[in-house]
Amino acid sequence: MASMTILSLASATPSTSPCPPKKEIAGLSFGQTLRKDGGDLFLKGKSANRVAMAVAAINTSRFEGVTMAPPDPILGVSEAFRADTNDLKLNLGVGAYRTEELQPYVLKVVKKVENLMLEKGDNKEYLPIEGLAAFNKATAELMFGADSPVIREGRVATVQGLSGTGSLRLAAAFIQRYFPDAKALISSPTWGNHKNIFNDARVFFSEYRYYDPKTVGLDFDGMIADIKAAPDGSFVLLHGCAHNPTGIDPTPEQWEKIADVIQEKNHIPFFDVAYQGFASGSLDEDASSVRLFVERGMEILVAQSYSKNLGLYAERIGAINVVCSSSDAATRVKSQLKRLARPMYSNPPVHGARIVANVVGDPTLFSEWKEEMQLMAGRIKGVRQKLFDSLSEKDKSGKDWSFILRQIGMFSYTGLNKAQSDNMTNKWHVYMTKDGRISLAGLSLAKCEYLADAIIDSFHNVS
Ligand SMILES: Cc1ncc(COP(=O)(O)O)c(C=O)c1O
């Protein structure tokens, strides 16, 4: 059954097909090795001994047919940055928070709670497949509000995931298994890993318009038209707040209209919330888009991450929530999410889950976290303002840079094209993704003027 699905995916609609052609998926069939000239060297089962001898004799790897993967467009930027020896270098590629001294930051509240955990001497037993119960409760309450009817009525299936990415991937596997013919819609542009996630889960996707290069703002009409044009019952991936890479979010009124058309079309909203509390500094404000859909009684999926807002990048802590219209459905959905998780990674890691549960569960620690989050969000807003001021002051061409102030969250989408982004790196040692995105979380006030010079040069002198 599964292989039949793969075949049909591989052969259908090449423009939107998420899947590589079947021969790429399959690569070499198990036990088969190819010579460099492509001829079959042996087939396993004919003679295992002869196989071993042949391999030893010609000293050829059985992985000869494995091609080199391209570097990851985001994480590859950090590798290039590390290799640059120039003192002026600036890494604005990866979305990770830095202090004004451009150093990684471990939140004080995290250090505090880790010390408490150490004193308590928690054990290292396996967690259940669905994760730590106290974490699942806390994470759902943070997202939907502690007094939300969907929580009270037991209508949310929450499963701890391997941060945002793992939670999205689990949900994609769920979509593939239970809605194999459904299509996902993702924004153009979007965080690059969304495409990888749907591709690997073999979920068809296409893009809806989102970014308007003319205004460096939201192409709202295009977005609505594309969501309307999608087949009924599609999964519409939405960034809950602080859209990555553009930093452009719909207004509350626009969110209402997006909800209207999604409801009209019987689509299923699938929220990716990687920056709750990081966009505005308020956990509740950044959850308002999700809550608007929930208050309308819609069934939705929500992936969460604590990489940014608690700085737990390497702990891989997040969750997938599926809000259902009945508690019975939620119970069944959860059972299937667990069934998908078990053969993938068995059960999730405990450390990050305990940090989140302990911070959220203690009123003092919780308010300390909120204060630190506001400080981090505030620092990013500060550099955003300073970058805008520097650009406006230095650029005598009359270009309007105010779009930078209208963007929100960690990123700014500068509107620089690939050649201009290359100039930023090659000439100015500013490392960034080739789509023109810069992470303001990796910028200090002290470096804003230098960055403004680099942007002005790249914008005006490179076509
Ligand atoms: C939009 C979006 N979704 C999900 C993630 C997932 O991050 P993580 O897997 O570290 O939680 C990120 C991280 O950059 C992101 O920007």
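I took a residue as buried if 20 or more other C-beta atoms lie within 10 Å of its own. With that in hand, I opened this predicted model and found that 43% of the 463 residues of the protein chain count as buried.

**Entry: overall make-up**

I looked up the secondary structure next, and the chain comes to 19 helices and 15 strands. I also checked how far apart in sequence the contacts reach. Among contacts between residues at least 6 apart, 73% join residues at least 24 apart.

In soluble globular proteins, nonpolar side chains tend to be buried together. I went looking for such a group here. The largest nonpolar core has 117 residues, and those that touch the most other members are A171, A172, A184, I320, V356 and L451. Helix α16, residues 363-394, gives the most to this core, with eight residues.

Which residues does A184 touch, not counting residues up to four places away in sequence? I noted I175, F198, V203, F204, F205, S234, F235 and L237.

**Entry: the ligand**

I listed 13 residues around the ligand, and S163, G164, T165, S305 and S307 come nearest. By class, the shell around the ligand has nine polar residues, three nonpolar and one charged. Which helix supplies the largest share of this shell? I found that helix α8, residues 163-178, does, with three residues.

**Entry: α8 against α9**

Two packed helices are described by the angle between their axes and the distance between the axes. For α8 and helix α9 (residues 193-201), I read axes that come within 9 Å and cross at roughly 40 degrees. I logged the crossing of α8 and α9 as right-handed. On the α8 side I wrote down T165, L168, R169, A172, A173 and Q176, which meet N193, I197, F198 and A201 in α9. The contact of α8 with α9 has six nonpolar, three polar and one charged residues.

Most residues other than glycine have a negative phi, and most peptide bonds are trans. I searched for exceptions.

- The peptide bond from S188 to P189 is cis, with omega near 5 degrees. I placed P189 in the loop between β5 (183-188) and α9.
- N244 and P245 are also joined by a cis peptide bond, with omega about 20 degrees. P245 sits in the loop between β9 (235-239) and α11 (252-264).
- N266, in the loop between α11 and β10 (268-273), has a positive phi near 60 degrees and is not a glycine.
- H429, likewise not a glycine, has a positive phi of about 65 degrees. I found H429 in the loop between α18 (418-426) and β14 (430-431).

Is N266 buried or exposed? I counted 10 other C-beta atoms within 10 Å of N266, so it is exposed. H429 has 18 within 10 Å and is therefore partly exposed.

**Entry: back to P245**

Why does P245 count as buried? I have 25 other C-beta atoms within 10 Å of P245, so it is buried. Leaving aside neighbours within four places in sequence, P245 is in contact with P189, W191, F411, Y413, T433, D435 and R437. Last, I checked P245 against I438: they are 193 residues apart along the chain, and their C-alpha atoms are separated by 8.4 Å.

Terms used
Residues are numbered from 1 along each chain as its sequence is written. This is a predicted model: local features need pLDDT of at least 70, side-chain atom pairs count only at pLDDT 80 or more; totals for chains, interfaces and linings use all residues. A nonpolar core is a set of buried Ala, Val, Leu, Ile, Met, Phe, Trp, Tyr and Cys residues joined through C-beta atoms within 7 Å. A residue is buried if 20 or more other C-beta atoms lie within 10 Å of its own, exposed if 12 or fewer, and partly exposed in between; C-beta atoms are placed from the backbone. Helices (H or I, at least four residues) and strands (E, at least two) are DSSP runs, numbered from the N terminus. Two residues are in contact if their C-beta atoms, placed from the backbone, lie within 7 Å. A residue is near a molecule or strand if its C-beta atom, placed from the backbone, lies within 6 Å of it. Ala, Val, Leu, Ile, Met, Phe, Trp, Tyr, Cys and Pro count as nonpolar, Asp, Glu, Lys and Arg as charged, and the others, Gly among them, as polar. Axes are lines fitted to C-alpha atoms, for helices over the stretch in contact, and angles run from 0 to 180 degrees between N-to-C directions. A crossing is left-handed if the near helix is turned anticlockwise from the far one by less than a right angle, and right-handed if clockwise.
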